[in-house]
Each structure stands twice: as structure tokens, then as C-alpha cells.
Amino acid sequence: MKLVFPNGEHPQVLLSHGVNRIGSAGEGAVLLQAEGVVAHHCEIHVTTTGANLQVPAEGGPVSVNGKPVSDIMALRAGDMIGIGPVQARFAIVEAARSAPAAAGGAAANEDGDNGATRVRLAVPKFVLRGVSGAVFGKVYPVTGPVVIGRAAEADISVAAEEISRRHALVKPTPDGLQVEDLGSSNGTYINGKRVQQGFLRPGDELRLDSVRLILVAPGMEMAQQATRVAPAEAKAPAAAAPGVSKWVPIMLTAAALLVIVALFLSRG
């Protein structure tokens with residue numbers, strides 16, 4: 001993903017995974033020295049599922065395709081972002097395609113290895129799993145700030161009339177998700193309690209009116225499972241010890257008998 005500045009205010013910028021700050025401050029990913037651009041004007045969160053534009057409390061005026069953005073908005077390829085007086089186009093960088101196979105489908109070498117390295121996808125730390133209504137059976141990885149709502153441009157779009165267009169915002173932390181109600185009509189609930197702001201831990205239920213989702217932490221579950229398995233494996237050799245120890249006296253007795261027989265024979 002990258003930002004392209006058609007009017008030349010800045011060279012094009014490849015956006016890195018995580019938070020990309022934009023403003024007049026030197027520590028940002030994009031430094032814009034233009035009148036009307038504040039120190040921390042806005043930021044773009046890049047995740048494995050897409051990118052979100054967010055305007056912090058101290059940020060400046062931002063628009064997407066001419067529409068003002070006051071909080072957070074999902075970005076799509078081709079969106080024009082107004083950062084004060086500066087215009088930038090959000091673009092998707094396409095991955096290089098592998099070379100076409102040789103005639104007849106011949107492999108690159110005798111082992112059938114075409115030289116490409118298969119990338120292993122990382123397990124998301126948090127996943128929202130739908131357990132009712134329009135989201136039943138669906139899973140939504142949460143790797144950055146995510147807006148849940150009825151609008152098509154929402155990060156998690158839920159086709160349910162009881163959900164507001166921008167119903168709630170969730171942000172991942174090391175221990176769970178911060179939850180903020182975005183002024184919804186029917187409310188946001190954590191474990192049955194209505195909240196304006198709250199915290200969702202693994203196993204907790206997030207309810208948006210009648211739509212319910214459970215927070216799952218695959219990485220934590222795998223770590224806990226490994227912790228449970230390790231002690232059991234460590235005890236396995238100890239469990240075999242009694243079976244071995246019962247043969248020790250028998251072997252010693254047999255050895256003693258052999259020594260006695262040998263002495264008897266030598267005297268004879």
C-alpha cells in the first residue's frame with residue numbers, strides 16, 4: 001500500500017504495517033511542510049485485512065473523496081485523501097506475479113521447485129466470531145482499529161436493520177479490545193451491560209442490539225494448550241520408571257545366582 005501525491009508535495013510513500021503518522025512533525029512517516037498541516041494531522045493504520053484512516057483529537061481537517069472525516073474510515077484503492085490543502089491518492093501495491101510455466105507445464109527444476117517461497121500467514125491475535133443473526137458462523141480478524149456497522153464501507157459490514165451505519169469501534173490492545181459506541185441508536189453491550197466505552201477480553205460477548213459476537217484469541221489459546229501439554233510430556237518418563245524398577249531386583253538376583261554357580265563349579 002502506498003500514498004501518491006499527484007501535485008508533487010511529497011514523493012510517493014510505501015506504507016508500513018501498523019501506524020503511519022502524517023503531519024508536519026519530523027517523526028511521522030509522511031512529513032508535509034504545508035500551510036494548514038498540523039504536527040499530527042492524521043494517521044493510516046495498515047493491517048493484514050486493509051487500511052483505516054484515523055483523525056486524532058489534535059489532528060487537522062481531513063477528507064476522503066471530498067467528504068470530511070471526523071474520526072476513522074476504511075480506505076479503498078483509488079481514494080483521494082485531503083490532508084489540509086494537500087491531496088494524496090491511496091493505492092494498492094500489487095505483488096509481483098511469478099513467471100509463466102514453460103511449455104507443456106515443465107517444472108523449474110527436477111525437484112519440482114519453482115524457486116518461490118510460500119509465505120506462512122500469521123495467526124491473528126484476536127478474532128470476533130459471530131454467534132447470532134446476520135453474523136452467525138462468520139469470523140472477523142481484528143488486527144487494527146475496526147468500525148462495525150451497517151454501512152458498506154464499514155470494516156465489518158453487518159446487513160442488519162437494527163445496526164447503525166457506524167455502530168461501534170474496536171481497537172486491539174495486548175490483552176483484548178477497547179470498545180467504543182459511535183452514537184448508535186440501539187446501543188453497544190459487553191456481557192449484557194450497555195457501555196459507551198468498555199473493554200472486551202477473550203471469551204467476552206460483544207452485542208450490538210441483537211447481533212452477538214464472541215472475542216476469540218487464537219494465539220493465546222495455542223500458548224495455553226502448549227503449556228498444558230508440556231507438563232504431561234515431562235511426566236511421561238517418570239511414569240515409566242516403576243515398570244523398569246521392578247526388573248532391577250530380578251536382574252540382581254539372577255546375577256548373584258550366576259556368581260554362586262560359577263564359584264561352585266570352580267571348586268569342583
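This dialogue goes through a few features of a predicted model.

Reader: Where do I start: how many helices and strands are in the protein chain?

Author: Begin with the count of elements. The protein chain has two helices and 22 strands.

Reader: What share of the residues counts as buried?

Author: Burial is judged by relative accessible area, with under 20% as the cut-off. Here 35% of the 268 residues count as buried. The protein chain exposes about 16400 Å², and 57% of that area comes from carbon and sulfur atoms.

Reader: In what order do the strands of the six-stranded sheet lie?

Author: Order in a sheet is read from strand pairing, and two strands pair if there are at least two bridges between them. The order in this open sheet is E13-E12-E22-E21-E18-E19, and the pairing is antiparallel.

Reader: Why is one side of E13 and of E19 left without a neighbour in the sheet?

Author: Strand E13 (139-142) and strand E19 (193-195) are at the edges and have a single partner strand each, so one side of each lacks a neighbour in the sheet. On average, neighbouring strands of this sheet are turned by 30 degrees against each other, direction ignored.

Reader: How many bridges join E18 to E19?

Author: Strand E18 (residues 188-190) is joined to E19 by three bridges, and the two run antiparallel. Within this pairing, Tyr189 has Arg194 in E19 as its bridge partner.

Reader: Which residue lies over the face of Tyr189?

Author: That is Arg207, at 4.0 Å from the ring centre.

Reader: And how many aromatic pairs are there?

Author: Ring centres must lie within 6.5 Å to pair. By this rule there are zero aromatic pairs.

Conventions. Residues are numbered from 1 along each chain as its sequence is written. This is a predicted model: local features need pLDDT of at least 70, side-chain atom pairs count only at pLDDT 80 or more; totals for chains, interfaces and linings use all residues. Side-chain values use heavy atoms; hydrogens and water are left out. Helices (H or I, at least four residues) and strands (E, at least two) are DSSP runs, numbered from the N terminus. Buried means under 20% relative accessible area, exposed over 50%, partly exposed in between (1.4 Å probe, protein chains only). Accessible areas come from the Shrake-Rupley method with a 1.4 Å probe; for residues, only the protein chains shown count as cover. Rings of Phe, Tyr and Trp (its six-membered ring) pair if their centres lie within 6.5 Å; planes under 30 degrees apart count as stacked, over 60 as edge-to-face and the rest as tilted. A charge sits over a ring if NZ of Lys or CZ of Arg is within 6 Å of the ring centre and within 35 degrees of the ring normal. Axes are lines fitted to C-alpha atoms, for helices over the stretch in contact, and angles run from 0 to 180 degrees between N-to-C directions.
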